[in-house]
Amino acid sequence: MASKLAPNSFIVVFFFLCSLINVPSTKAQLETLAPDQAKAEAAGMTHIHFFFHDILSGKNPTAVTIIQPASGSTTSFGLMNMMDDKLTEGPDPSSKEVGRAQGLYAASCLGEIGFMQAMNLVFTDGAYNGSVITVLGRNAPMHATREMSIVGGTGQFRFARGYAIAKTQTLDYTTGDATVEYNVYVTTH
(Lines give C-alpha, C1' and ligand atoms only; values in the text may rest on other atoms or scores of the structure.)
Protein backbone atom coordinates (compact mmCIF):
# COMPACT_ATOMS: atom_id res chain seq x y z
CA MET A 1 0.00 0.00 0.00
CA ALA A 2 1.47 3.37 -1.00
CA SER A 3 1.65 5.92 1.80
CA LYS A 4 0.55 9.52 1.40
CA LEU A 5 2.94 12.20 2.57
CA ALA A 6 1.76 15.38 4.27
CA PRO A 7 2.76 18.59 2.44
CA ASN A 8 5.52 19.26 5.02
CA SER A 9 6.94 15.79 4.33
CA PHE A 10 7.94 16.87 0.84
CA ILE A 11 10.01 19.70 2.31
CA VAL A 12 11.73 17.28 4.69
CA VAL A 13 12.39 14.78 1.91
CA PHE A 14 13.75 17.58 -0.30
CA PHE A 15 16.21 18.73 2.42
CA PHE A 16 17.22 15.12 3.12
CA LEU A 17 17.85 14.44 -0.57
CA CYS A 18 19.82 17.64 -0.98
CA SER A 19 21.92 16.56 1.98
CA LEU A 20 22.99 13.42 0.13
CA ILE A 21 24.81 15.41 -2.54
CA ASN A 22 28.57 15.22 -2.39
CA VAL A 23 30.07 18.49 -1.29
CA PRO A 24 33.21 19.29 -3.30
CA SER A 25 36.10 18.00 -1.27
CA THR A 26 39.77 18.73 -1.07
CA LYS A 27 42.38 16.48 -2.62
CA ALA A 28 43.41 15.35 0.87
CA GLN A 29 39.85 14.25 1.67
CA LEU A 30 39.60 12.27 -1.56
CA GLU A 31 42.89 10.50 -0.87
CA THR A 32 41.91 9.31 2.62
CA LEU A 33 40.64 5.92 1.48
CA ALA A 34 43.94 4.65 0.03
CA PRO A 35 45.99 5.21 3.23
CA ASP A 36 43.12 3.79 5.30
CA GLN A 37 43.13 0.60 3.26
CA ALA A 38 46.91 0.19 3.63
CA LYS A 39 46.74 0.81 7.41
CA ALA A 40 43.79 -1.58 7.77
CA GLU A 41 45.54 -4.36 5.88
CA ALA A 42 48.72 -3.84 7.94
CA ALA A 43 46.64 -4.13 11.13
CA GLY A 44 45.04 -7.39 9.94
CA MET A 45 41.65 -5.79 9.32
CA THR A 46 39.13 -7.04 6.77
CA HIS A 47 38.07 -4.54 4.08
CA ILE A 48 34.53 -4.97 2.72
CA HIS A 49 33.30 -2.84 -0.18
CA PHE A 50 29.66 -2.61 -1.30
CA PHE A 51 26.93 -0.22 -2.41
CA PHE A 52 23.87 0.72 -0.38
CA HIS A 53 20.61 1.50 -2.25
CA ASP A 54 18.14 3.80 -0.49
CA ILE A 55 14.81 3.64 -2.34
CA LEU A 56 12.18 6.22 -1.41
CA SER A 57 10.02 5.90 -4.53
CA GLY A 58 7.60 3.39 -5.97
CA LYS A 59 5.36 0.80 -4.37
CA ASN A 60 8.14 -0.81 -2.32
CA PRO A 61 10.33 1.88 -0.72
CA THR A 62 13.23 0.65 1.43
CA ALA A 63 13.29 3.73 3.70
CA VAL A 64 10.24 5.33 5.30
CA THR A 65 9.68 8.21 7.71
CA ILE A 66 8.36 7.05 11.06
CA ILE A 67 8.57 10.40 12.92
CA GLN A 68 8.22 13.81 11.26
CA PRO A 69 10.77 16.57 12.07
CA ALA A 70 10.18 19.42 14.48
CA SER A 71 8.04 22.16 12.99
CA GLY A 72 10.15 24.85 11.31
CA SER A 73 13.45 22.97 11.61
CA THR A 74 15.90 23.79 8.81
CA THR A 75 17.96 20.67 9.59
CA SER A 76 15.03 18.21 9.83
CA PHE A 77 15.75 17.92 13.57
CA GLY A 78 13.62 15.14 15.05
CA LEU A 79 13.05 13.27 11.78
CA MET A 80 13.37 9.49 12.11
CA ASN A 81 13.48 7.01 9.22
CA MET A 82 13.50 3.22 9.24
CA MET A 83 15.40 1.40 6.49
CA ASP A 84 15.93 -2.04 4.97
CA ASP A 85 18.24 -1.14 2.09
CA LYS A 86 19.80 -3.56 -0.39
CA LEU A 87 23.60 -3.97 -0.39
CA THR A 88 25.17 -4.91 -3.74
CA GLU A 89 28.62 -5.65 -5.16
CA GLY A 90 28.41 -2.82 -7.69
CA PRO A 91 26.74 0.58 -7.98
CA ASP A 92 23.98 -0.73 -10.27
CA PRO A 93 20.96 -1.76 -8.15
CA SER A 94 20.62 -4.88 -10.31
CA SER A 95 24.17 -6.04 -9.48
CA LYS A 96 24.58 -9.04 -7.16
CA GLU A 97 22.95 -8.55 -3.76
CA VAL A 98 25.25 -9.36 -0.83
CA GLY A 99 23.05 -8.24 2.05
CA ARG A 100 20.77 -5.66 3.63
CA ALA A 101 21.29 -2.55 5.76
CA GLN A 102 18.58 -2.68 8.40
CA GLY A 103 18.10 0.02 11.01
CA LEU A 104 17.26 3.65 11.47
CA TYR A 105 18.61 7.15 11.14
CA ALA A 106 17.42 10.18 13.08
CA ALA A 107 18.16 13.87 12.53
CA SER A 108 19.87 14.73 15.82
CA CYS A 109 21.67 17.99 15.05
CA LEU A 110 20.33 21.53 15.32
CA GLY A 111 23.25 23.23 13.54
CA GLU A 112 23.50 21.16 10.33
CA ILE A 113 21.93 18.12 8.75
CA GLY A 114 23.35 15.31 10.83
CA PHE A 115 21.95 11.90 11.64
CA MET A 116 22.48 9.43 14.43
CA GLN A 117 22.58 6.21 12.42
CA ALA A 118 22.18 2.73 13.89
CA MET A 119 22.14 -0.19 11.47
CA ASN A 120 22.97 -3.83 11.05
CA LEU A 121 24.78 -4.83 7.86
CA VAL A 122 23.23 -8.26 7.36
CA PHE A 123 25.25 -10.32 4.87
CA THR A 124 23.17 -12.82 2.90
CA ASP A 125 25.63 -14.03 0.24
CA GLY A 126 29.31 -14.63 -0.31
CA ALA A 127 32.08 -15.20 2.21
CA TYR A 128 30.22 -13.41 5.04
CA ASN A 129 26.80 -15.02 4.50
CA GLY A 130 24.96 -15.26 7.83
CA SER A 131 27.17 -12.70 9.58
CA VAL A 132 26.25 -9.21 10.77
CA ILE A 133 28.24 -6.02 11.38
CA THR A 134 26.62 -3.42 13.65
CA VAL A 135 27.28 0.24 12.81
CA LEU A 136 26.55 3.18 15.10
CA GLY A 137 27.61 6.74 14.51
CA ARG A 138 27.11 10.22 13.17
CA ASN A 139 26.24 10.50 9.50
CA ALA A 140 26.54 14.11 8.32
CA PRO A 141 25.46 13.74 4.69
CA MET A 142 26.61 17.21 3.61
CA HIS A 143 30.18 15.98 4.10
CA ALA A 144 31.81 14.29 1.10
CA THR A 145 32.75 11.26 3.20
CA ARG A 146 31.27 10.15 6.50
CA GLU A 147 32.86 7.85 9.07
CA MET A 148 30.84 5.70 11.49
CA SER A 149 31.93 3.21 14.14
CA ILE A 150 31.66 -0.57 14.03
CA VAL A 151 30.42 -1.48 17.51
CA GLY A 152 29.91 -5.23 17.22
CA GLY A 153 28.75 -8.12 15.12
CA THR A 154 27.77 -11.75 14.93
CA GLY A 155 28.91 -14.85 13.05
CA GLN A 156 32.33 -14.20 11.53
CA PHE A 157 32.21 -10.72 13.08
CA ARG A 158 31.80 -11.57 16.79
CA PHE A 159 33.61 -8.93 18.88
CA ALA A 160 33.91 -6.75 15.77
CA ARG A 161 35.32 -3.24 15.90
CA GLY A 162 36.38 -0.83 13.20
CA TYR A 163 34.81 1.83 11.04
CA ALA A 164 32.69 2.40 7.93
CA ILE A 165 33.26 5.14 5.35
CA ALA A 166 30.17 6.26 3.39
CA LYS A 167 30.22 8.32 0.18
CA THR A 168 27.13 9.20 -1.89
CA GLN A 169 27.48 8.03 -5.50
CA THR A 170 24.16 8.95 -7.13
CA LEU A 171 20.97 10.79 -6.26
CA ASP A 172 17.85 10.99 -8.41
CA TYR A 173 16.15 14.33 -7.68
CA THR A 174 12.85 13.14 -9.16
CA THR A 175 12.44 9.95 -7.12
CA GLY A 176 14.72 10.57 -4.16
CA ASP A 177 16.50 7.25 -4.72
CA ALA A 178 20.19 7.24 -3.78
CA THR A 179 23.20 4.94 -4.03
CA VAL A 180 25.90 5.19 -1.35
CA GLU A 181 29.32 3.54 -1.56
CA TYR A 182 30.58 1.91 1.65
CA ASN A 183 34.11 0.87 2.58
CA VAL A 184 34.05 -1.07 5.86
CA TYR A 185 37.20 -1.88 7.82
CA VAL A 186 36.64 -4.46 10.56
CA THR A 187 38.63 -6.64 12.89
CA THR A 188 37.66 -9.24 15.48
CA HIS A 189 41.01 -9.28 17.33
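User: Which residues have the most contacts inside the largest nonpolar core?

Analyst: In this predicted model, the largest nonpolar core has 28 residues. Elements giving two or more residues to this core include E1, E3 and E9. Those with the most contacts inside the core are Phe50, Leu121, Ile133, Tyr182 and Val184.

User: Is His47 buried, partly exposed or exposed?

Analyst: Buried would require under 20% relative accessible area, and exposed over 50%. His47 has 27% relative accessibility, so the residue counts as partly exposed.

User: With which side chain does the side chain of His47 make a polar contact?

Analyst: E1 runs antiparallel to strand E9, which spans residues 178-187. His47 and Asn183 are 136 residues apart in sequence, but their C-alpha atoms are 6.9 Å apart in space. At 2.6 Å, the polar contact of the His47 side chain is with the side chain of Asn183.

User: How many bridges join E1 to E9, and how many join E1 to E3?

Analyst: Phe51 has Glu181 as its bridge partner in E9, and Phe51 stands opposite Thr88 in E3. E1 runs antiparallel to E9 and also to E3, residues 80-88. The bridges joining E1 to E9 number nine, and those joining E1 to E3 number three.

Definitions and conventions
Residues numbered from 1 in each chain as written. Predicted model: local features only at pLDDT ≥ 70, side-chain atom pairs only at ≥ 80, totals over all residues. Heavy atoms only, no water. Buried < 20%, exposed > 50% of the residue type's maximum accessible area, 1.4 Å probe, protein only. Polar contact = N/O pair within 3.5 Å; in protein donor to acceptor, adjacent residues only side chain to side chain. Pairing = 2+ DSSP bridges. Helix = DSSP H or I, 4+ residues; strand = E, 2+ residues; numbered from the N terminus. Core = buried A, V, L, I, M, F, W, Y, C linked by side-chain atoms within 4.5 Å.
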